[in-house]
Amino acid sequence: MMNLNWFKNPDNVVYADIGEFADNFSKETGISNLRDEIERFEADPVKEGIILKGRRRTSIKLFIPDMLFDEHIEMGENVWVYMGENYECYCLYQSEQSDDFSADETFKYFSHKKCEYFPCHSDTDKEGFNCLFCYCPLYPMGKDCGGNYAYLDNGIKDCSQCKVPHRKNNYDYIMTKLRKFHNTLTDLNEIDNCMNIFFQIL
């Protein structure tokens, strides 16, 4: 039985780009088509997840937390890889960074430790706390932000328990979410323009 609280513990979760993860993990597990299996499951997921077996007596489980559990967790809409509680669990995301981006570029992270509000979230890792996205750019996405949010009785979105924008390695994840959100808004704007033209013709 998979324990939701175990997955909510940040010490048990590693956030990984799906491309880099699949290439490296495919060799370690002996699952030669791991990238294809992940993408196939992402396109057509099932609530209970699926088990993949490798040639090296290794098995992994692909699942989506938001489908499996009744409660949303940070980035729970993504595909996760589980190998039991004796190992770290991997939360996968699709990075759209260009090839000339380097994983260690300093513009992706800074920690403002002299800020009087640092760290602005309790129960967090001060050493790896990223202040780059002080005000979360994913907030306008509402329920699609992927974070650990809750709506208060007055309708305000409470993000006090969310660490997504403040994780040191989440720059690419956030930029990917923003690009998709922007594309969605662009598509909606084009549809709106087409509808306006249609009604003008009528």
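Colleague: What makes β3 and β4 a strand pair?

Modeller: The model is predicted. In it, 3 bridges join β3 to β4. Pairing needs at least two bridges, so β3 and β4 count as paired. They run antiparallel. F63 stands opposite W80 in β4.

Colleague: How do you know that strand β2 pairs with β3?

Modeller: By the bridge count again. Strand β2 (residues 50–53) is joined to β3 by 4 bridges. The threshold is at least two, so β2 and β3 pair. Their direction is antiparallel. Here L52 stands opposite I60 in β3.

Colleague: Is strand β3 mostly covered or mostly open, and what makes it so?

Modeller: Mostly covered: of the 5 residues in β3 (residues 59–63), 4 are buried.

Colleague: Why is the pair of F7 and Y82 called tilted?

Modeller: Take the distance first. The ring centres are 5.3 Å apart. The limit is 6.5 Å, so the rings pair. Now the angle. The planes stand at 55°. Stacked needs under 30 degrees and edge-to-face over 60, so this pair is tilted. Both F7 and Y82 are buried.

Colleague: What parts of the chain does the pair of F7 and Y82 link?

Modeller: Distant ones. F7 is in helix α1 (residues 4–8) and Y82 in strand β4 (residues 80–82), 75 residues apart. F7 and Y82 also belong to one aromatic cluster, with W6, F63, F69 and W80.

Colleague: Why is the pair of Y93 and Y173 called edge-to-face?

Modeller: The centres lie 5.7 Å apart, within the 6.5 Å limit, so the rings pair. Their planes are at 75°. That is over 60, so the label is edge-to-face. This pair links distant parts of the chain too: Y93 sits in strand β5 (residues 89–93), Y173 in helix α5 (residues 171–201), 80 residues apart.

Colleague: How do you know that Y93 counts as buried?

Modeller: Its relative accessibility is 8%. Buried means under 20%, so Y93 qualifies. Y173 has 2% relative accessibility, so Y173 counts as buried as well.

Colleague: How many aromatic pairs does a search of the whole structure find?

Modeller: The search finds 16.

Colleague: What makes K157 a charge over the face of Y139?

Modeller: K157 is at 5.0 Å from the ring centre of Y139 and lies over its face.

Technical notes: Residues numbered from 1 in each chain as written. Predicted model: local features only at pLDDT ≥ 70, side-chain atom pairs only at ≥ 80, totals over all residues. Heavy atoms only, no water. Phe/Tyr/Trp six-rings, centres within 6.5 Å; stacked < 30°, edge-to-face > 60°. Buried < 20%, exposed > 50% of the residue type's maximum accessible area, 1.4 Å probe, protein only. Lys NZ or Arg CZ within 6 Å of the ring centre and 35° of its normal.
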